[in-house]
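I opened this notebook to record what I looked up in the model, entry by entry. The entries follow the order in which I consulted the structure.

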Amino acid sequence: FMSALHVEEGNYILKRGEQATFVGILISGAADVMIGDIKVATLGVGDIIGEIALFNLGVRMADVLCNAPNTMLAVLELRALSDQLAVQHPELAHKMMSIFMHSSARTLQRSVK
């Protein structure tokens, strides 16, 4: 269900408007959430990236820019979440969706401060 993704500093992890294909968890490094030229949040190790698209018809709402060297994400493909995990392990899928909802709320709260 998961794979690793290495992102170089200065590269985009996500681009606003793209169709979402994955949700990631930062396992090293850091990233900035950007809407236009405005930084709305900085994410660090343990933070979830891309989960808001799960609640927005699969469309990315912001750019996420890698801002640290050796940034690594654990990536969960959305197709695996919906097709395999939800069928084979519905309780786990439900728990993960709950975690994604809480993460989305935290990200939104940070963006309005």
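**Entry 1: Strand β8**

I began with strand β8, residues 71-77, and found that five of its seven residues are buried, so the strand is largely enclosed by the rest of the structure. I note at the outset that the model is predicted.

I then looked up the partners of β8. Strand β1 is joined to β8 by six bridges, and the two run antiparallel. Strand β3 also pairs with β8 in the antiparallel sense, again over six bridges. I checked M72 in β8 from both directions: H6 stands opposite M72, and S28 stands opposite M72 as well.

**Entry 2: The sheet**

Which strands form the open sheet, and in what order? I read four strands in the order β1-β8-β3-β6, with antiparallel pairing. The edge strands are β1 (2-7) and β6 (48-49), each of which pairs on one side only.

I turned next to the β6 side. Two bridges join β6 to strand β3 (residues 22-28), and the two strands run antiparallel. I looked up I25 and found that its bridge partner in β6 is I48.

**Entry 3: I27**

I27 lies in strand β3. Is I27 buried, partly exposed or exposed? I recorded a relative accessibility of 46%; because this lies between the limits of 20% and 50%, I27 counts as partly exposed.

Leaving aside neighbours within four places in sequence, I found I27 in contact with V45, M72, L73 and A74. I also took the C-alpha separation of I27 and N70, which is 10.0 Å for residues 43 apart along the chain.

**Entry 4: D32**

I located D32 in strand β4 (residues 31-35). D32 is buried yet has no salt bridge; the nearest side chain of opposite charge is that of K39, 4.0 Å away. What does the side chain of D32 join in a polar contact? I found the side chain of T42, at 2.9 Å.

I then listed the contacts of D32, leaving aside neighbours within four places in sequence: K39, A41, T42, D63, V64, L65 and N67.

**Entry 5: D47**

I looked up a further aspartate, D47, in the loop between β5 (38-43) and β6. D47 has a relative accessible area of 17%, and because the limit for burial is under 20%, D47 is buried. A polar atom of the D47 side chain lies 2.8 Å from the backbone nitrogen of G44.

**Entry 6: The chain as a whole**

I counted two helices and eight strands in the chain. From the N terminus on, the elements run β-β-β-β-β-β-β-β-α-α. Of the 113 residues in the chain, 39% are buried. Among contacts between residues at least 6 apart in sequence, I noted that 77% join residues at least 24 apart.

**Entry 7: Confidence**

The mean pLDDT of the chain is 84, and 86% of its residues reach 70 or more. Which elements have the lowest and the highest mean pLDDT? Helix α1 (residues 78-88) has the lowest, at 70, and strand β7 (residues 63-66) the highest, at 96. In general, where pLDDT is low, the predicted coordinates should not be read in detail.

Conventions: Residues are numbered from 1 along each chain as its sequence is written. This is a predicted model: local features need pLDDT of at least 70, side-chain atom pairs count only at pLDDT 80 or more; totals for chains, interfaces and linings use all residues. Side-chain values use heavy atoms; hydrogens and water are left out. Two strands pair if DSSP finds at least two bridges between them. Buried means under 20% relative accessible area, exposed over 50%, partly exposed in between (1.4 Å probe, protein chains only). Contact means heavy atoms within 4.5 Å. Lys and Arg count as positive and Asp and Glu as negative; His and the chain ends are not counted. A polar contact is a pair of N or O atoms within 3.5 Å; within protein, one must be able to donate a hydrogen and the other to accept it, and residues adjacent in sequence count only if both atoms are side-chain atoms. pLDDT is the predictor's confidence in each residue, from 0 to 100.
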